[in-house]
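Please keep the sequence and the structure in view while reading.

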Amino acid sequence: MENPCIICVAITGSLPRKADNSAVPITIAEQVESTHAAFEAGATIAHCHVRNEDETPSSDPEKFAALKEGLEKHCPGMIVQLSTGGRSGAGQTRGGMLPLRPDMASLSVGSNNFPTRVYENPPDLVDWLAGEMRSHGVKPEIEAFDLSHILKAKEMWDKGQIVDRPYVQFVMGVKNAMPADREVFNYYIQTVHRLFGADAPWCAAGIGPNQIVLNDWAVSSGGHARTGLEDNVRLDKTRLAPSNATLVQRVVALCEKYERPVATWRQARAILGLKPVSA
Ligand SMILES: [Zn+2]
């Protein structure tokens with residue numbers, strides 16, 4: 001049976017700077033333009049962070065509102081996913097944009113190490129973010145940096161803290177967190193299927209040179225794939241990625257290789273149980 005692949009593009013993130021790769025979109029106008037090209041290339045989810053003028057990360061709801069408006073205007077149908085990740089703010093400021101009611105938001109449900117610090121997701125904040133998503137009708141994407149995060153999502157679903165069947169993203173290759181390990185990856189898939197059903201959709205992201213590795217594993221295993229300059233600014237050891245769209249094209253090529261259609265935005269919304277168009 002046909003299983004279209006949803007391509008998510010993580011356009012900016014909170015870490016890469018123009019000095020790392022000048023293609024990293026920083027201003028809202030750059031972000032809308034970069035996302036539009038990625039949308040035309042086949043991406044149907046835009047995973048978004050916002051930045052200050054000096055490129056430092058921001059969690060300003062006004063910036064998120066401007067970006068969301070720009071994307072809805074220029075990329076109609078595309079799924080807008082706003083980040084509540086911990087690099088962009090502290091405590092409840094991380095969820096200050098949820099009243100904007102984006103289609104989706106990322107949700108980390110546990111703590112782990114990052115390259116130079118602890119990625120703190122204390123239980124009371126996780127509960128609060130999930131509650132905000134529930135009350136504003138925002139679908140969470142569970143960021144699984146560790147196996148325990150998948151099981152935590154199951155617990156939250158059972159308790160009604162997460163309304164829909166959890167949509168989990170496996171994140172691998174963050175230094176000091178879970179490496180890109182194929183056996184663990186396979187066990188993640190097995191765990192998602194055991195806890196959420198054999199037909200439960202899932203996605204995967206790899207950091208740096210692991211991006212293309214995880215793209216390959218996800219597309220060939222029936223999952224959905226995330227790419228973009230947030231996770232990786234290079235094509236290979238010697239070449240920078242010219243754009244987010246170029247990274248999307250690499251995933252499209254994998255879909256061709258493994259004979260999977262690239263999901264249209266309508267298909268992506270149907271797979272994820274989202275409303276057909278943004279309200
Ligand atoms: Zn992010």
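A helix, as the word is used here, is a DSSP run of type H or I with at least four residues, and helices are numbered from the N terminus. Trp 157 is found in one such run, helix 4 (residues 147-158). The model is predicted.

- In general, strands of a sheet pair through backbone hydrogen bonds, either parallel or antiparallel.

- Strand 6 covers residues 104-108; five of its five residues are buried, so the strand is largely enclosed by the rest of the structure.
- Side chains in a regular strand alternate between the two faces of the sheet.
- In strand 6, Met 104, Ser 106 and Ser 108 point one way, while Ala 105 and Leu 107 point the other way.
- Two bridges, in the parallel sense, pair strand 6 with strand 5 (residues 79-82). Met 104 in strand 6 is the bridge partner of Gln 81.
- Five bridges, also in the parallel sense, pair strand 6 with strand 9 (residues 139-144). Here the bridge partner of Ala 105 is Pro 140 of strand 9.

**Strand 10 and its partners**

- Strand 9 also runs parallel to strand 10 (residues 167-172), and four bridges join the two.
- The bridge partner of Ile 142 in strand 10 is Val 168, and that of Ala 144 is Phe 170.
- Six of the six residues of strand 10 are buried, so this strand is largely enclosed by the rest of the structure.
- Tyr 167, Gln 169 and Val 171 point one way from strand 10, and Val 168, Phe 170 and Met 172 point the other way.

**The nonpolar core**

- The largest nonpolar core contains 75 residues. Ile 7, Val 9, Ala 43, Ala 46, Val 168, Phe 170 and Val 248 are those with the most contacts inside it.
- Helix 7 supplies the largest share of this core, namely six residues.
- Apart from residues up to four places away in sequence, Phe 170 touches Ala 144, Phe 185, Tyr 188, Trp 202 and Ala 204.

**Helices 6 and 7**

- Two packed helices are described by the angle between their axes and the distance between the axes.
- Helix 6 (residues 210-220) packs against helix 7 (residues 244-257) at an angle of about 35°, and their axes are 10 Å apart. The crossing of helix 6 past helix 7 is right-handed.
- Helix 6 contributes Ile 212, Asn 215, Asp 216 and Val 219 to the contact, and helix 7 contributes Arg 250, Val 251, Leu 254 and Cys 255.
- By class, this contact of helix 6 with helix 7 has five nonpolar, one polar and two charged residues.

- Is Trp 157 buried, exposed or partly exposed? Trp 157 counts as partly exposed because 17 C-beta neighbours lie inside 10 Å, whereas a buried residue needs 20 or more.
- With neighbours within four places in sequence left aside, Trp 157 is in contact with Ile 162, Arg 165 and Pro 166.
- Trp 157 and Phe 196 are 39 residues apart along the chain, and their C-alpha atoms are separated by 9.6 Å.

Technical notes
Residues numbered from 1 in each chain as written. Predicted model: local features only at pLDDT ≥ 70, side-chain atom pairs only at ≥ 80, totals over all residues. Buried ≥ 20, exposed ≤ 12 C-beta atoms within 10 Å, placed from the backbone. Pairing = 2+ DSSP bridges. Axes fitted to C-alpha atoms, helices over the stretch in contact; angles between N-to-C directions. Left-handed = near helix turned anticlockwise from the far one by under 90°. Contact = placed C-beta atoms within 7 Å. Nonpolar A, V, L, I, M, F, W, Y, C, P; charged D, E, K, R; others polar. Core = buried A, V, L, I, M, F, W, Y, C linked by C-beta atoms within 7 Å.
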